[in-house]
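Please read the points below with the model open beside you.

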Amino acid sequence: MACHQLEKLDLCHCFGKLQIRLANVVSKVKLQALNISDVSLAVIGHYGSAMTDLALIGLQNVNERGLWVMASGQGLAAIGKGCPNLHQICLRRCPLISDNGLVSFAKVAGLLESLQLEECHMITQYGVFSIFANCCWKLKALALANCLGIQNMNFVFPLTSLCYSLRSLTIRNCPGFGNASLAMVGRMCPNLIHVNLSGLQGITDARLLPFVQSLEAGLVKVNVSGSVNLTDNVVATISKLHGSTLEVLNLEGYRFITDASLVAVARDCWLLNELDVSNCGITDSGIAALAGAKHLSLQILSLASFSLVSDKSAPLLVVLGKTLVGLNIQHCHGISSGTVDLLMEQLWRCDILS
């Protein structure tokens, strides 16, 4: 069928042969959990000149030959040529896509700004760093999630292959991404401002500190939740080097984080509006440090699972509550129900989770 005014195509859990002509005005395409062959993707490659967003999710039967066909038969790299306006691509649960296809695509995707890879287990660390080396002119955001093929490898890219354009990096629940990998990212991507390294339990102070120190633009959002081996030294360094730009900091699950971290945050982070220190070793003294920072204007504060915080913090939370719109004190067993009721009464503008 011909769809001359169609701008967005979203197909999910459709079985059978895909036969649809995409007009040149189609800008967004999402194919999810389809029982289609490689040849079916040729349609998108042929009629995709206006495409800016492409998502391929759960296409278990599609491999690099499929992307080759999708690119009008000119080779895997031609997917970028066949869709010259492509700004964003998402590959999720595509187990047959490997480094070769990813690197070939990266070399010709001149306008690509955002790349998302999730559960693509044939992608290795070599593929990731090849993206940095070959997409250094436009790429702004790279997100990796649950990619089990990424492991520390002994290779070094030349420092001439810097990715100055990359501003946002997410590496979530990729257990093989370790200390050596992180150090190389810092050297190759000095202008990062948004960093999400949640769930990387192998990361230590010794490697995260050089990474933080190598970033030049000033971090705005940092999420290192679940990195259980990090300590107060990391928070102190982040606060000192990036406190003038930092707006969001997530430290949830740091078992070695203490009141010293909140002292550093209170002293150095002037723009911070969102802080998550749930399940850390914070006491009433740490809350007092935050409340005493007159320049702080926190809007969201998460203190969930604080076993060492008591009712003594109630007046301190009231002080912080002058700017808060969200407060999480769930599973803080040292805070009585009476204190919770008091906080809800006095901080009526604030959404309190208890």
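**Notes on the predicted model**

1. Of the 354 residues in the chain, 54% are buried (under 20% relative accessible area; exposed is over 50% and partly exposed in between, with a 1.4 Å probe and protein chains only). This is a predicted model, in which local features need pLDDT of at least 70 and side-chain atom pairs count only at pLDDT 80 or more, while totals for chains, interfaces and linings use all residues. Residues are numbered from 1 along each chain as its sequence is written, and side-chain values use heavy atoms, without hydrogens and water.

2. The chain has twelve helices and 16 strands (DSSP runs numbered from the N terminus: helices are H or I with at least four residues, strands are E with at least two).

3. Helix α9 (residues 259–268) packs with helix α10 (residues 284–291) at an angle of about 0°, and their axes are 8 Å apart (axes are lines fitted to C-alpha atoms over the stretch in contact, and angles run from 0 to 180 degrees between N-to-C directions). Therefore α9 is roughly parallel to α10 (an angle under 35 degrees). Residues in the contact (heavy atoms within 4.5 Å) include Leu-262 and Val-263 of α9 and Ile-287 and Leu-290 of α10.

4. Asn-279 lies in the loop between β13 (274–276) and α10. Asn-279 is not a glycine, yet has a positive phi of about 60°. Its relative accessible area is 42%, so Asn-279 is partly exposed.

5. Ser-305 sits in the loop between β14 (300–302) and α11 (314–320). Its phi is positive too, near 60°. Ser-305 is partly exposed because its relative accessibility is 29%.

Definitions and conventions:
Angles under 35 degrees count as roughly parallel, over 145 as roughly antiparallel, 65 to 115 as roughly perpendicular and the rest as oblique.
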